[in-house]
Amino acid sequence: MSATLEALSQNLQEHLGDRLKSIKVALGEVTIEVGVTDYLSVMQSLRDEPGLGFEELIDLCGVDYSSYGHETREGPRFAAVTHLLSIARNWRLRVRCFAADDSFPSVPSVTAIWNSADWFEREAFDLYGIAFPGHEDLRRILTDYGFIGHPFRKDFPISGYVEMRYDPEQQRVIYQPVTIEPREVTPRIVREENYGDVDNA
Amino acid sequence: MPELRNFTLNFGPQHPAAHGVLRMVLELDGEVVVRADPHIGLLHRATEKLAETRTWIQSVPYMDRLDYMSMMCNEHAYCMAIERLLQIDVPIRAQYIRVMFDEITRILNHLLWVGCHGLDVGAMTMVLYAFREREDLVDAYEAVSGARMHAAYYRPGGVYRDLPDRMSQYQESKWKSAAQIRPFNEARSGSLLDFLDDFVSRFPKLLDEYETLLTDNRIWKQRLVDVGIVTPERALQRGFSGPMLRGSGIAWDLRKKQPYEVYDRVDFDIPVGVTGDSYDRYLVRMEEMRQSNRIVKQCIDWLRQNPGPVMSDNHKVAPPDREAMKSNMEELIHHFKLCTEGIHVPAGEVYSAVEHPKGEFGVYLVSDGANKPYRLKIRAPGYVHLSAMNEMANGHMLADVVTIIGSQDVVFGEIDR
């Protein structure tokens, strides 16, 4: 672990204390996990504590962990993952916050702390259906007007449910159920550890 | 007294100055913008979802189609993320090639930007000059990858192949005689590096030409100066990066601050603006082209002297060469596994960012150990910049909206993804 990462994880532990659920350093990056209830206060400290100084929110996205890996997964399904950057300190941080309820996932909005979260939260709402209470204008952003469903959820098929075509009789564009089936050329495979390792044979 | 109401105007999605498919609902008080509400997503192709159903390598060409004005930089972020998850090293020559093409891409992007931005605010000639130079650079793209735009040249582990020894040449036709095409082919008689060397020696002069057309031009200044001012504090709040952040006076450049590949070995400067208006962003981008030109020159000199491999020799990631494949059983198996199943990336997550011509282009990858990504998130700089549209356009005239869109340098491929 480099000196910067060590200093960062030390400062995080110092300033956040038990609000941290876990802290992990891997591949030269620090990831922390926080609970929904502590989320806003942690984010506020991350921006305002001089020892942390994350003045810029680089990215915020939703992740659906429902089909992660081999086995069926325990625990909450949706998470909001935030990437922060400190320009003064030149370090980055990833914050993950799992939404408590799978049927109505919700994570507090950080738009008041970083204005740049605005569209990112709208996107996560649109694509994953994660609600962000506190967001002033939580509309869909990327999908079509009147779209139904949250397309990036793992149970949403890649081909979608409806397709659009011009109907010459009605002389307008109409929606109809999809006529194509999803096709998988290369199946998804998760190999066991050390698969194909010569020394292991 | 009749009741006065604000006028609502639909700007785009078919407006020539909307840079693609931006639909903006503008609320106007007279000619002054009160509220700008960009509606995006008309070009949404769900690249991130598609990538979840494709193997790691198959998604590389999708990256070209994100920001279709700076193709190789997008690939770079994606390949770098995979390499970091796999923890493999890229041969040094491939790193130099990547840096060289990143900077060529930056020049390509900024040339298109200055051309279109000029066109938007009434400087018609710029686009003609800009495309003249772009032609040479897309030829360089074509020489290495076979495609003028969507190159798919970077691969996890290096680049697809080494730089070619010869450039394609103009052919005699019934419209152009041999004598007429000879001057066109002069720079193309040698290798790609000779061709680029000729370009970088010509380019600073050409940039001076552009600057004579624009920098002190009265009309240009009237349209750009003090339009869309962003203070450094607001720029950070709004998550700006790249020229938009530097235009506001913050000297932040990933190539310097968090160097990747061989950016710590090349010499260049970061231009910084003062007032944070559109004119400063213009000046920053013009200077960036000069700096990119310097970097390309340094890469050419290094590449001339240092031959070597351009692809990792880890055959779990990069395919073996054809000759070895046909004489060696193990290489054949590697090739077969790579082409049918693809590479397996260890479980984990990584965020890798490059200094894209438009700002910080980041790729957040989550892998569960499969031959396909579990989750890919593309952090597009234009998306963030456009989200500040309301703030930047507020209080400006309708015509300034065009200037602001231009100076944000938005491309819808990356915003809608």
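Select A:Cys61 first. Leaving out neighbours within four places in sequence, A:Cys61 is in contact with A:Val81, A:Phe120, A:Ala124, B:Tyr364 and B:Lys377. The model is a predicted one. A:Cys61 sits in strand S3 of chain A. Is A:Cys61 buried or exposed? It counts as buried, because it has 25 C-beta neighbours inside 10 Å and the cut-off for buried is 20 or more.

Now show the strands of chain A. An open sheet is formed by 5 strands in the order S1-S2-S5-S4-S3, with mixed pairing. Which strands stand at the edges? They are S1 (20-26) and S3 (56-64) of chain A; each has a single partner strand, so one side of each lacks a neighbour in the sheet. On average, neighbouring strands here are turned by 20 degrees against each other, direction ignored.

Select residues 78-86 and 91-98 of chain A next. These are strands S4 and S5, paired in the antiparallel sense over 8 bridges. Within this region, look for A:His83, which stands opposite A:Arg94 in S5(A).

Helix H3 of chain A (residues 117-128) lies across S3 and S4 of chain A and runs at about 5 degrees to S3(A).

**Across to chain B**

Go back to B:Tyr364 and B:Lys377, two of the residues in contact with A:Cys61. B:Tyr364 stands opposite B:Lys377 in S8(B). The strands S7(B) and S8(B) pair in the antiparallel sense over 5 bridges. On S7(B), 9 of its 9 residues are buried.

S6(B) and S7(B) form a hairpin with 2 residues between them, and the two run antiparallel, joined by 9 bridges.

Then select the whole contact between the chains. How many residues does each chain give to the contact? Chain B gives 41 residues and chain A gives 33 residues. On the side of chain B that touches chain A, at least two residues each come from H1 (47-52), H9 (232-237), S6 (348-356), S7 (359-367), S8 (375-379) and H15 (381-387) of chain B. S7(B) gives the most to that side, with 4 residues. Coloured by class, the side of chain B that touches chain A shows 14 nonpolar, 14 polar and 13 charged residues.

**The core and two helices of chain B**

The largest nonpolar core has 166 residues. Those that touch the most other members are A:Ala124, A:Ile130, B:Ala81, B:Ile97, B:Met100, B:Cys299 and B:Val401. Helix H4 (residues 92-121) of chain B gives the most to this core, with 13 residues. Centre on B:Met100: setting aside residues up to four places away in sequence, it touches B:Val296, B:Cys299 and B:Leu303.

Finish with helix H3 (residues 71-86) of chain B beside H4(B). Their axes come within 7 Å and cross at roughly 135 degrees, which makes H3(B) oblique to H4(B). The contact is made by B:Met71, B:Met72, B:Cys73 and B:His76 of H3(B) and by B:Arg98, B:Phe101, B:Asp102 and B:Thr105 of H4(B).

Notes: Residues numbered from 1 in each chain as written. Chains lettered and ligands numbered in written order. Predicted model: local features only at pLDDT ≥ 70, side-chain atom pairs only at ≥ 80, totals over all residues. Contact = placed C-beta atoms within 7 Å. Nonpolar A, V, L, I, M, F, W, Y, C, P; charged D, E, K, R; others polar. Core = buried A, V, L, I, M, F, W, Y, C linked by C-beta atoms within 7 Å. Buried ≥ 20, exposed ≤ 12 C-beta atoms within 10 Å, placed from the backbone. Pairing = 2+ DSSP bridges. Axes fitted to C-alpha atoms, helices over the stretch in contact; angles between N-to-C directions. Parallel < 35°, antiparallel > 145°, perpendicular 65-115°, else oblique.
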